[in-house]
Amino acid sequence: MRAMGKTRRLIAPVLCGAAVAAALAAPSAQATPAGHQDRKPEWAPTATGADARFRGLAAVGRDAAWVAGSGGTVLRTTDGGRHWRDVSPDGAAGLEFRDIEAFDRRRAVALAIGEGEASRVFRTEDGGATWSESFRNTDARAFYDCLTFFDSRHGLAMSDPVDGRFRILSTSDGGRNWRVLPDAGMPAAQPGEAGFAASGQCLVSSGGRDVWLATGGASSARVLHSADRGLTWTRSGALIPAGDPARGVFGLAFRDRTHGIAVGGDYRAGAASPDAASVTGDGGRSWRSAATPPPAYRSGVAWLPHSRRSALAVGPTGTDVTRDGGRTWRTVDTGSYDTVDCAPDGGCWAAGEQGRVARLR
């Protein structure tokens, strides 16, 4: 989204294991392991040696993660954040990476954002030792914000509206080749509507065919949903305040094809962000405002692994946790993070400005 300052940075997180995840996910003290009834999430910062702002994050596991950010910077760890390797693509120093999706420790796809040819997609199969540029936008009207993958072959990337509709790119070979999908099944965009390239979570998927797109900047913030990998879409109001280029939905997370959380607000420092989170239980057809939302703007959100009710939300002013599926939130950390992601083995990571990356313990 052009209205937002699309230049920001990172720090890394590591998770301490399934026991902590289980404790956070427990709905009651009776179901919580002894000694963990009041355990709260705690980020363990790691030394990245970078000063980039990392808004792209892919958690592979407790030990492995990728981050991507400003100055064309991409880092990778395979030892839980003790060491980070700079695996930035050659010649990418002038690019702004805002999203990265990893299939494993060696294969990843990264998105650089911006107008015209600044929007590019890169792919690696050797842990970042070499990268290939698989897409370069040649339409000056397009501005790509986020990407997502359904599996190791099928994925989508989204651009702000072109000719009044969001533009969708599709790949069926793991990001080697991309094509623009027809927009006949895409609802018309509202005046001023766009996506926020704030956390790599304005386009997210669950399962083999369902994908959701978050919007802001217009009179209302919306979530668009496709059940056929981006060919046709439905729309709904997300109940997060909009009506200004700086407001809307910034991040989405779905734990399955029906249960999702939206977070956002007003990204301007010090601006009030009431109703900064909402939830859905019907795949995004309808949304309910959180009864006790996060106290400020949040840009990233992730469900805790193997949990039906616990999730984390992050933003420049702190981290919040919910243990009731997004109905109520409480702040557990005041550090600045822009994005958060969790792996199936229970490893959760967060990243943000000034090279910050942390692991949950």
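These legends accompany several close-up views of a predicted model.

Residues are numbered from 1 along each chain as its sequence is written, and side-chain values use heavy atoms, leaving out hydrogens and water. Because this is a predicted model, local features need pLDDT of at least 70 and side-chain atom pairs count only at pLDDT 80 or more, while totals for chains, interfaces and linings use all residues.

**View 1. The whole protein, as a starting point.** Let us begin with the overall picture: the protein has 1 helix and 28 strands. Helices (H or I, at least four residues) and strands (E, at least two) are DSSP runs, numbered from the N terminus. Of the 361 residues, 62% are buried; buried means under 20% relative accessible area, exposed over 50%, and partly exposed in between (1.4 Å probe, protein chains only). The accessible surface comes to about 13100 Å², with 46% of it belonging to carbon and sulfur atoms. Such areas come from the Shrake-Rupley method with a 1.4 Å probe, and for residues only the protein chains shown count as cover. Among the contacts with a separation of 6 or more, 56% are between residues 24 or more positions apart, where contact means heavy atoms within 4.5 Å.

**View 2. The disulfide of Cys146 and Cys202.** The structure holds 2 disulfides, a disulfide being a pair of cysteine sulfur atoms within 2.5 Å. In the one formed by Cys146 and Cys202, the sulfur atoms are 1.9 Å apart. This pair links distant parts of the chain, 56 residues apart: Cys146 is in strand S10 (residues 143-149), and Cys202 is in the loop between strand S13 (179-180) and strand S14 (203-206). The torsion about the S-S bond of Cys146 and Cys202 is about 115 degrees, so the disulfide is right-handed. Cys146 counts as buried because its relative accessibility is 0%, and Cys202 counts as buried because its relative accessibility is 0%.

**View 3. The disulfide of Cys342 and Cys348.** Here the S to S distance between Cys342 and Cys348 is 2.1 Å. The link is right-handed, with 110 degrees about the S-S bond. Both Cys342 and Cys348 are buried. With the bonded cysteines of the protein numbered in sequence order, the pairing reads 1-2, 3-4.

**View 4. Strand S28 and its partners.** In a regular strand the side chains alternate between the two faces of the sheet. In strand S28 (residues 357-360), Val357 and Arg359 point one way and Ala358 and Leu360 the other way, and all are buried. Strand S1 (residues 43-46) pairs with S28 in the antiparallel sense over 4 bridges; two strands pair if DSSP finds at least two bridges between them. Arg359 in S28 is the bridge partner of Ala44. Strand S27 (residues 348-351) also runs antiparallel to S28, joined to it by 3 bridges, and Ala351 has Val357 in S28 as its bridge partner. S27 and S28 form a hairpin with 5 residues between them, and in the turn Gln354 has a positive phi of about 55 degrees.

**View 5. An open sheet of 4 strands.** The strands follow the order S2-S3-S4-S5, with antiparallel pairing. Strand S2 (54-59) and strand S5 (85-86) stand at the edges with a single partner strand each, so one side of each is left without a neighbour in the sheet. Strand S3 (residues 65-69) and strand S4 (residues 74-77) pair in the antiparallel sense over 4 bridges, and Val67 stands opposite Leu75 in S4.

View 6. Ser134 is found in strand S9 (residues 132-136) and counts as buried because its relative accessibility is 17%. Leaving aside neighbours within four places in sequence, Ser134 is in contact with Val121, Gly175, Arg176 and Trp178. Asp282 lies in the loop between strand S20 (277-280) and strand S21 (288-289), and its 19% relative accessibility is why Asp282 counts as buried. Asp282 and Thr258 are 24 residues apart in sequence, and their C-alpha atoms are 4.7 Å apart in space.

**View 7. Confidence along the chain.** pLDDT is the predictor's confidence in each residue, from 0 to 100. The protein averages a pLDDT of 91, and 89% of the residues score at least 70. Over residues 3-23 pLDDT stays under 50, and the model has 113 contacts beyond four places in sequence for them. Over residues 25-38 the pLDDT is below 50, and this stretch has 11 contacts in the model beyond near neighbours in sequence. A friendly reminder: where pLDDT is low, the predicted coordinates should not be read in detail.
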